[in-house]
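Open the model in a viewer and keep the selection panel at hand.

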Amino acid sequence: MVSSHSLPEGFNDLDVFGLGTALLVEGLIGFIFNGLTLLSFYKVKELRTPSNFFVFSLAASDIGICMNAFIAAFSSFLRYWPYGSEGCQIHGFHGFLTALSSISTCAVIAWDRYHQYCTRTKLQWSTAITVMVIVWGCSAFWSAMPLVGWGEYDYEPLRTCCTLDYTKRDRNFVSYVLPMAFFNFVVPVLLILSSYQSVYQKFKKTGQMKFNTGLPLKSLVFCWGPYSIMCLYAVFEDITAFSPKLRMIPAIMAKTSPMLNAFLYALGNENYRGGIWEFLTGQKIEVVQPDNKSK
């Protein structure tokens with residue numbers, strides 16, 4: 001992998017600047033709101049519950065995605081990747097680690113809400129911590145595999161950021177991407193779908209719709225669906241037949257997830273929103289907890 005100061009193939013100056021600006025804006029907005037989520041959890045005692053710990057962990061993952069986007073944006077403004085081959089490997093690993101943990105944590109939150117509203121099982125701290133250790137451990141495993149030869153990290157078409165090399169279609173790529181996609185996208189999607197369907201039926205039965213049960217899955221599919229489809233398509237067909245600009249769209253869409261997650265799981269959560277308001281203003285808002293459990 002050799003860095004070049006010339007424009008990447010298929011892009012002009014405006015393209016590179018525009019994509020870099022998009023990455024910067026996505027990263028900045030996501031960083032601010034997820035930073036508020038993290039600080040509020042730390043500062044406001046009432047927010048420190050096992051269920052909200054999942055939201056905290058999701059914000060930590062999304063902060064990582066934002067930092068990854070900042071690096072890509074900076075490189076885009078330089079018009080080349082300045083950190084060399086080793087930096088590309090680190091950037092790819094970091095991006096995958098935070099992305100996979102973010103997706104899996106969304107599924108964990110769905111699982112937790114199912115138990116809150118359907119089984120009325122109270123989440124314990126020991127369970128919450130164990131679940132998140134498993135999530136981060138599994139994400140680290142799948143993210144580390146390309147570093148040791150199962151899969152490979154390489155430049156995105158823009159050549160100012162790095163991700164899984166989905167262009168080779170060899171046995172190494174296929175054997176990696178299929179189980180990785182199954183365990184880190186298909187399984188979370190099915191868990192989110194089944195959990196929120198059960199929650200919706202519960203809300204419908206009681207006549208109280210406490211939140212929109214369809215938004216979490218729609219948000220996840222919007223952000224990560226195009227990227228997952230592109231990688232799976234690359235298993236069967238030559239993905240390089242598509243223009244480099246078109247292949248950058250899924251990556252840009254994926255990096256909107258920190259913004260959407262912050263609005264959906266923190267600002268969209270009445271309990272957590274009240275904690276953020278208390279952190280910012282010092283004014284405490286009393287919130288009635290559903291069934292005496294935190295959302």
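Helices and strands in this tour are DSSP runs, a helix needing at least four residues (H or I) and a strand at least two (E), numbered from the N terminus. The coordinates belong to a predicted model.

**Stop 1: annotated segments**

Select residues 123-145. This stretch is 87% helix and 0% strand, and its end C-alpha atoms lie 32 Å apart. It is one of the segments that an unreviewed UniProt entry lists under "transmembrane region"; the others are 16-41, 53-78, 90-111, 173-194, 215-236 and 248-267. Such annotations may be inferred rather than shown by experiment.

Now select 16-41. Here the chain is 100% helix and 0% strand, with 37 Å between the end C-alpha atoms.

**Stop 2**

Show helix α3, residues 84-119, together with helix α5, residues 171-206. At what angle do α3 and α5 pack? The angle is about 25°, and the axes are 8 Å apart. Because angles under 35 degrees count as roughly parallel, α3 is roughly parallel to α5. The crossing of α3 past α5 is left-handed. Colour the contact by residue class: 19 residues are nonpolar, 4 polar and 2 charged.

Stay on α3 and pick Y117, which lies in this helix. Is Y117 buried or exposed? Its relative accessible area is 3%, so Y117 is buried, the limit for that label being under 20%. The C-alpha atoms of Y117 and F203 are separated by 8.4 Å, although the two residues are 86 apart along the chain.

**Stop 3: the largest nonpolar core**

Select F54, I192, W224 and Y265. The largest nonpolar core has 38 residues, and these four touch the most other members. Next, show the elements that give two or more residues to this core: α2 (50-78), α3, α4 (125-144), α5, α6 (215-236), α8 (257-266) and α9 (270-281). Which element gives the largest share of this core? That is α3, with 8 residues.

**Stop 4: loop residues**

Go to R79, in the loop between α2 and α3. R79 is not a glycine, yet its phi is positive, at about 75°. Its relative accessibility is 31%, so R79 counts as partly exposed.

Move on to R169, in the loop between β2 (162-164) and α5. Phi of R169 is also positive, near 60°, again in a residue other than glycine. With 39% relative accessibility, R169 counts as partly exposed.

End at D238, in the loop between α6 and α7 (244-254). At 34% relative accessibility, D238 is another residue that counts as partly exposed.

Conventions. Residues numbered from 1 in each chain as written. Predicted model: local features only at pLDDT ≥ 70, side-chain atom pairs only at ≥ 80, totals over all residues. Heavy atoms only, no water. Axes fitted to C-alpha atoms, helices over the stretch in contact; angles between N-to-C directions. Parallel < 35°, antiparallel > 145°, perpendicular 65-115°, else oblique. Left-handed = near helix turned anticlockwise from the far one by under 90°. Nonpolar A, V, L, I, M, F, W, Y, C, P; charged D, E, K, R; others polar. Core = buried A, V, L, I, M, F, W, Y, C linked by side-chain atoms within 4.5 Å. Buried < 20%, exposed > 50% of the residue type's maximum accessible area, 1.4 Å probe, protein only.
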